[in-house]
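My entries follow in the order in which I made them.

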Amino acid sequence: MHSLFLRFRRTPLARAALCLSLAMPLHAAMAQTARFDIAAQPLAGALDQFAQQAGLQLALNPALLQGRQAPALQGSRDVKQALDALLQGSGLQGSIDKGMLTVQPLPTGQRTLKEVTVTANQLGEITEGSGSYTPGSIATATRLVLTPRETPQSVSVITRQKMDDFQLTSIDQVMEHTPGVSIVTYDSERTEYYARGFAIQNFQYDGIPMMRDSAYSAGNTLSDMVMYDRVEVLKGATGLLTGAGTPGATINLIRKKPTRGFQGHVTASAGSRDSYRTEIDLSGPLNASGSVRARGVAAYGDRHSHLDRYERKTDVFYGIVEADLTPRTLLTIGADSQHNKPHASTWGGIPILDALGEFNAMPRSTNNGANWSRWDQYTRTGFATLEHAFDSGWVAKAQFNRQVNGYDANLGAAAGGYPNPADGSGVSMWMGQYIGRTTSNAGDVYLSGPLRLAGREHELVLGGSIANRHWKNSGWWATPGYDRGVPDYYQWQGDKPAPAWGAVPDYTNDETTRERGLYAAARWNLRDDWKLITGGRWSSYRNRVAGQDESGVFVPYLGTVVDLNDTYSAYASYTGIFTPQALQDEQGRRLDPLQGKNYEAGVKASFMEGRLNASAAVFQLEQDNFGVETGGTTPNGGAAYRAIKGVKTKGYELEVSGQITPAWQLQAGYSHSVSRRQGERVSTLSPASQFSLYTSHRLGGRLAGLTLGGGVRWQDKTWGDISMPSTEVVKHTVKSYWLMDLMARYEFSKQLLASLALNNVLDKKYYTIFNLYNTYAWGAPRSVNVSMTYKF
């Protein structure tokens with residue numbers, strides 16, 4: 001049993017190092033170098049590994065390390081400099097004397113808010129306070145806490161610093177800045193994100209999966225960013241942790257955590273078209289020792305847009321409490337809620353063609369919604385986490401999440417038909433009322449830690465998850481006899497009266513989806529420069545209403561990373577995901593689940609001790625067991641299907657993010673992908689190629705306090721098949737376009753700062769289409785937003 005106040009680790013190497021240090025001048029011992037290979041993890045385990053790899057003895061008070069996380073440390077490094085890097089931001093300092101490593105708290109006067117923002121968790125390193133556009137470590141891919149260079153998949157991360165610099169307060173804005181992700185706008189309340197040719201339906205909140213239903217949107221794509229530390233987008237299939245889903249990407253939103261020192265801020269902002277927003281964020285200890293910490297966040301926004309008559313009010317609340325039950329046991333409980341209340345919501349967009357078959361070029365301010373049209377959406381979440389670190393270096397974590405995503409949609413829009421340029425006739429109303437919600441209960445329990453085998457130390461994760469999703473929906477159509485016609489589309493001002501909805505719904509939905517899974521992943525340390533990750537998930541999925549019942553589905557995970565030197569690594573990976581389907585063949589047998597597969601290989605680089613990361617990847621995604629009609633029928637008389645090899649996407653991606661100099665941050669990426677099914681291009685609503693570059697620079701000298709930045713993003717042409725007034729189907733192409741944004745921030749003092757954000761500076765006119773609706777939506781014109789922040 002280790003002593004509470006003093007622990008010694010004695011190995012032959014440590015004893016040799018101690019003897020050598022006694023015979024050397026102190027400064028010579030301090031100048032020695034060693035090779036380190038330490039993953040991001042709780043600080044206690046990292047210091048144990050550091051002492052072993054540096055050949056030192058370790059003496060410390062374990063209580064000092066509780067609640068502190070260490071970054072990854074790799075390569076040949078000066079031992080003292082490496083120790084400083086390991087302890088950076090922890091509020092601790094280390095010293096080495098005669099082969100003995102000791103750790104003490106920093107003197108009170110040297111502690112800063114930045115140093116107390118580090119929190120022990122198994123989700124990776126917190127980006128708040130880092131000042132960086134790149135993450136330190138992440139765990140979205142495998143539950144193993146790894147640096148980007150150690151992760152054998154492409155990952156894009158939008159950090160807290162980048163969100164603050166460019167005033168990215170919504171998830172739509174974050175996705176616009178994420179390399180390799182494109183957006184299609186359905187209407188004022190719904191957007192769809194695409195990556196590698198597939199729509200992104202997989203969301204995670206602190207690593208807990210949640211599927212989004214685009215048709216009955218309920219808050220996922222309206223999320224306010226005030227409560228989140230960062231957004232991680234893991235490209236490709238992610239079935240190891242998510243189970244069922246689509247193979248394009250997974251979006252993981254990581255919440256802010258309480259801090260051990262008091263900190264907080266208040267921000268007020270105002271922008272173009274009478275848009276206003278305020279937020280407050282307070283965090284700190286609840287007792288003298290700091291063993292209980294809390295954070296409270298609130299925001300309120302009243303946003304008008306370029307659309308006539310449109311307005312959306314949003315309120316957000318988030319609270320979280322952490323308690324150190326013991327020096328090694330952490331309990332976290334929290335809750336959040338967001339309500340989105342729009343006025344004059346659109347449904348669909350502007351008809352693409354007029355009655356003559358020409359492009360229907362309407363003003364960017366066109367709003368097809370009736371004045372009474374609205375699509376309220378809300379999200380309410382309660383969560384709890386219990387985490388324990390064992391002396392052996394193993395960590396046990398149990399996480400439970402209850403999330404309610406609801407909607408109350410009362411919709412009417414002038415969106416159907418083809419307007420006659422002569423008199424504005426030919427357009428009709430789309431109308432419907434939909435009220436429902438999805439209640440999701442999820443739990444995830446796992447063990448993670450070192451495994452000693454064949455003289456080497458490896459890492460292992462063993463876990464299981466359970467999720468129940470219950471969706472209830474009621475739908476109404478307009479009362480029979482209601483006049484849907486729009487007399488003059490070109491004079492439309494949304495003043496059509498609302499229909500009288502029936503006393504009872506015209507239809508209802510009541511479905512429960514149950515998922516169960518067991519997963520395992522191991523990171524094998526084959527050599528100092530070669531790691532192999534193997535893993536898999538055994539899943540079951542049941543939705544009786546949809547006729548989906550799958551059990552024993554195995555999803556594999558395989559990845560390898562080879563260090564070419566201290567900077568560059570080569571990697572390759574194979575991952576999978578599955579989606580159950582209710583289609584039947586002519587014998588009445590359900591088709592096997594859609595199988596998403598991701599093959600990827602590339603090179604990653606980490607410069608300046610991980611402060612700048614770069615990657616280059618080639619990939620191929622496949623979705624097999626795709627159902628096509630056979631022309632026959634099932635035993636019940638329905639259309640019969642057969643499974644074929646489905647969509648195949650091939651492409652490549654380049655990305656760089658992080659610090660060029662201590663004052664200069666950058667995130668840039670280029671992606672290219674083409675999707676085909678049976679040789680034909682598909683998924684053409686997302687661009688084949690896109691590029692983005694965003695940067696900021698903190699000036700010095702007489703301009704100290706001023707930060708300037710900006711960026712551009714470009715996407716290739718897109719297209720889709722639409723219907724002509726003659727019912728002929730034609731291809732409509734949207735041209736490629738560039739957009740430019742600028743930002744500036746001035747710090748009057750450490751407490752007070754002002755920010756300016758200019759979006760679409762050149763006022764570029766651009767739009768996206770949704771060919772299923774035969775409609776298009778204009779992108780936002782030039783806008784400006786000014787904010788003032790006071791920090792406590």
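**Entry 1: a polar contact.** I began with Asn 543, whose side chain is joined to that of Glu 511 by a polar contact of 3.3 Å. I take a polar contact as a pair of N or O atoms within 3.5 Å; within protein, one must be able to donate a hydrogen and the other to accept it, and residues adjacent in sequence count only if both atoms are side-chain atoms. The side chain of Asn 543 also reaches the backbone nitrogen of Ala 546, at 3.1 Å. I located Asn 543 in strand E28 (residues 530–543). Helices (H or I, at least four residues) and strands (E, at least two) are DSSP runs, numbered from the N terminus. Asn 543 is buried, since its relative accessible area is 4%; buried means under 20%, exposed over 50% and partly exposed in between (1.4 Å probe, protein chains only).

**Entry 2: basis of the values.** I note that the model is predicted, that local features need pLDDT of at least 70 and side-chain atom pairs count only at pLDDT 80 or more, while totals for chains, interfaces and linings use all residues. Residues are numbered from 1 along each chain as its sequence is written, and side-chain values use heavy atoms, with hydrogens and water left out.

**Entry 3: two further strand residues.** I found His 732 in strand E41 (residues 729–734). I recorded 8.2 Å between the C-alpha atoms of Glu 387 and Arg 328, which are 59 residues apart along the chain.

**Entry 4: helix H4.** How many of the residues of helix H4 are buried? I counted seven of the nine (residues 79–87), so the helix is largely enclosed by the rest of the structure. Among the buried residues are Lys 80, Leu 83 and Leu 87. Just after H4, Gly 89 takes a positive phi of about 80 degrees.

**Entry 5: salt bridges.** I applied the rule that a side-chain nitrogen of Lys or Arg lies within 4 Å of a carboxyl oxygen of Asp or Glu. The count came to 42 salt bridges. One of them joins Glu 128 and Arg 295 (2.6 Å, N to O). This pair links distant parts of the chain, 167 residues apart: Glu 128 is in the loop between strands E7 (100–105) and E8 (155–158), and Arg 295 is in strand E18 (residues 292–304). Both Glu 128 and Arg 295 are buried.

I next looked up Arg 364 and Asp 763, whose closest N and O atoms are 3.2 Å apart in a salt bridge. These two are 399 residues apart, with Arg 364 in the loop between E21 (350–351) and E22, and Asp 763 in the loop between E43 (752–759) and E44 (767–770). Arg 364 is buried at 17%, whereas Asp 763 is partly exposed at 25%.

Arg 374 and Asp 376 form another salt bridge (3.5 Å, N to O).
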